[in-house]
Every structure is written in structure tokens, then in C-alpha cells.
Amino acid sequence: MNESIAAVAGRLAAWTEAQGRQLPGARVRLSRPLDAPPVALAAQPLAAALAAAEGYRGGPQPQAPYAPELMAFLAQISQCQACPLGAKRRHLVYGDGNPHAELVFLGDAPGREEDASGKPFMDEAGQLLDRIVAAMGYKRGQVYLLNLVKCRPAAGHEPAAAELDACRPYLEHQLGLLQPKVIVTLGSLATRSLLGGAQPLAERRGHWTAWKGIRVMPTWHPADLLKDPGLKRPVWEDMRVVAQSLQSGGAGA
Ligand code: SF4
């Protein structure tokens with residue numbers, strides 16, 4: 001007979017607490033934090049219970065050391081099934097653009113078009129982003145586009161905290177390989193996830209900050225602009241600041 005999910009969560013919490021670690025929120029995941037689970041916790045009934053709870057099929061998560069080059073890193077993680085999103089994807093959406101780009105745009109998650117094509121920002125919001133990029137004096141292929149997670153969440157849903165957590169090492173390694181001069185975080189989730197903090201995006205946008213020594217400019221996501229065209233002006237103001245800073249070699253940041 002299968003254990004209840006509450007019982008499984010209780011066992012995991014007890015084990016995690018015993019190691020001085022905390023489970024991140026109410027949703028239980030089996031993938032990344034449990035690097036060396038006790039044999040009893042790794043037993044089949046637990047995996048089966050979690051699979052039943054989240055549609056999670058399980059699978060390996062490539063571990064560091066990660067490949068020191070973008071395409072090799074893609075090959076390394078291309079079969080990732082470390083969180084429930086992996087089981088439902090059509091394509092892993094790694095990122096796209098110039099590997100030597102000085103400017104990176106970070107969104108939240110792939111949508112339907114991105115899942116179908118394997119490329120980020122292919123939908124209507126992506127077309128609007130293309131126009132924003134062009135207005136800044138770049139072509140899409142001159143910048144680099146990626147998301148917080150590489151597999152599509154259910155329609156209309158943001159990635160769960162556990163899914164963001166599972167994909168975070170990939171994001172950090174990819175940004176570390178890219179080493180752009182500027183990262184533009186698109187939208188509230190991308191900004192909050194990369195930088196932390198709970199300050200509303202309306203207060204953060206337009207103000208330089210930094211992540212691991214890379215300058216970051218938060219602004220609205222193109223999808224936000226499609227819902228509220230009144231946000232186009234502040235986004236353009238933010239992007240003008242970014243473009244001017246890049247053209248002047250970082251002055252004003
Ligand atoms: S979202 Fe990231 S961590 Fe989850 S399966 Fe896809 S690549 Fe792996």
C-alpha cells in the first residue's frame with residue numbers, strides 16, 4: 001500500500017532536520033537537495049508516492065563540475081529530469097544568442113511556442129522583445145536570451161519554488177560562462193529570483209543593481225507590456241539607460 005504524501009513529507013522533513021537543513025516550503029521534492037538520502041528514504045515506495053503526487057518521473061540531475069563551454073554544457077544537461085517539468089517538456093529551452101554577448105535578457109520560463117521550438121522568446125512577447133532589442137541598436141543574434149527554468153511549466157503557471165531551485169545551478173553556470181556586461185531581468189519573477197528580495201518590481205525597475213559582479217537592470221517583461229501598454233514607456237526608459245551605459249563602456253551604472 002502506498003504511503004500518504006503527508007507521511008512521506010514527514011519522513012523527509014525529519015531526515016532533513018536531522019542534518020540541520022530546511023525543506024523549502026510545503027512542496028516536497030526528491031531531486032536536488034537529497035544528495036545522499038538514507039537507503040530507507042530512497043526506497044521505491046517513496047519515489048512512487050512522489051511520482052503520484054506531482055507527476056514526477058525522476059531521473060538524474062547532472063552535477064558539477066559543469067562543462068566550461070556553452071554547447072558542451074547544453075549536452076551535459078540535455079537529458080535532465082531533475083524536476084517534474086522535465087517529464088512534460090517537448091524540448092529543453094537552453095538559451096539562444098551570441099555566446100559572447102555583452103547584453104543578456106533573463107525571462108522566467110518557456111511557454112508553448114518555446115517548448116515546441118526549443119528556443120526562448122518565440123511567442124508574441126518574444127516578438128515584442130525583438131523590437132525592444134532592435135530599438136536598442138542590437139539584433140536578436142547579438143544578445144543572449146534565456147530563462148530561469150529550461151522546461152515549460154503548465155500553461156498559466158509560474159515555475160514552483162522547487163523547480164526554480166532545481167534549475168538554478170544551470171542558470172548560474174550559464175551566466176558565469178556568458179559573463180555579459182549587463183543582465184536585464186524581465187518581469188517580477190526573474191528579478192526576484194535572480195536578485196532576491198521582495199521589493200515590488202515597480203520600485204526596482206530602472207535602478208542598477210548587481211549579481212556576482214555583473215550589472216543588472218530590472219524591467220517589465222514584454223508579456224506585461226502586452227497586457228498593459230502603459231508600461232512601454234518605462235521599459236523604453238530603462239532600455240535607453242542600458243544602451244547608453246553599454247555604449248559608454250559602463251558609465252552611469
Ligand atoms: S526545468 Fe531545469 S531542473 Fe527541471 S527538468 Fe528542466 S532542465 Fe532539469
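I began at the ligand and found 14 residues around it, the closest being Cys-80, Cys-83, Gly-86, Cys-151 and Cys-167; a residue is near a molecule if its C-beta atom, placed from the backbone, lies within 6 Å of it. The elements that give two or more residues to this shell are α4 and α7, and α7 supplies the largest share, three residues. By type I noted ten nonpolar, two polar and two charged residues in the shell, where Ala, Val, Leu, Ile, Met, Phe, Trp, Tyr, Cys and Pro count as nonpolar, Asp, Glu, Lys and Arg as charged, and the others, Gly among them, as polar.

Before going on I wrote down the ground rules. The model is predicted, so I kept in mind that local features need pLDDT of at least 70 and side-chain atom pairs count only at pLDDT 80 or more, while totals for chains, interfaces and linings use all residues. Residues are numbered from 1 along each chain as its sequence is written.

For the overall picture I recorded eleven helices and six strands in the protein chain; these are DSSP runs numbered from the N terminus, helices being H or I of at least four residues and strands E of at least two. Of the 253 residues, 34% count as buried, which I take as 20 or more other C-beta atoms within 10 Å of a residue's own, with exposed meaning 12 or fewer, partly exposed in between, and C-beta atoms placed from the backbone.

I then followed α7, residues 161-178, whose 18 residues reach 25 Å from first C-alpha to last, close to the 26 Å expected at 1.5 Å a residue, the expected span being 1.5 Å times one less than the number of residues. The helix bends by about 45 degrees at Cys-167, with Pro-169 following within four residues; the bend is the angle between axes fitted to the seven residues ending there and the seven starting there. Cys-167 is among the buried residues of α7, as are Tyr-170 and Gln-174. I listed what covers those buried residues, including α3, α4, β2 and α8, and just after the helix I noted that Gln-179 takes a positive phi of about 45 degrees.

Next I looked up the sheet, which is open, has mixed pairing and runs in the order β1-β3-β2-β4-β6-β5. β1 and β5 (209-211) stand at the edges with a single partner strand each, so one side of each has no neighbour in the sheet; two strands pair if DSSP finds at least two bridges between them.

Last I checked Ser-78, in the loop between α3 and α4. Ser-78 is exposed because it has 12 other C-beta atoms within 10 Å, and its C-alpha atom is separated by 9.8 Å from that of Lys-150, 72 residues apart along the chain.

Definitions and conventions: Two residues are in contact if their C-beta atoms, placed from the backbone, lie within 7 Å.
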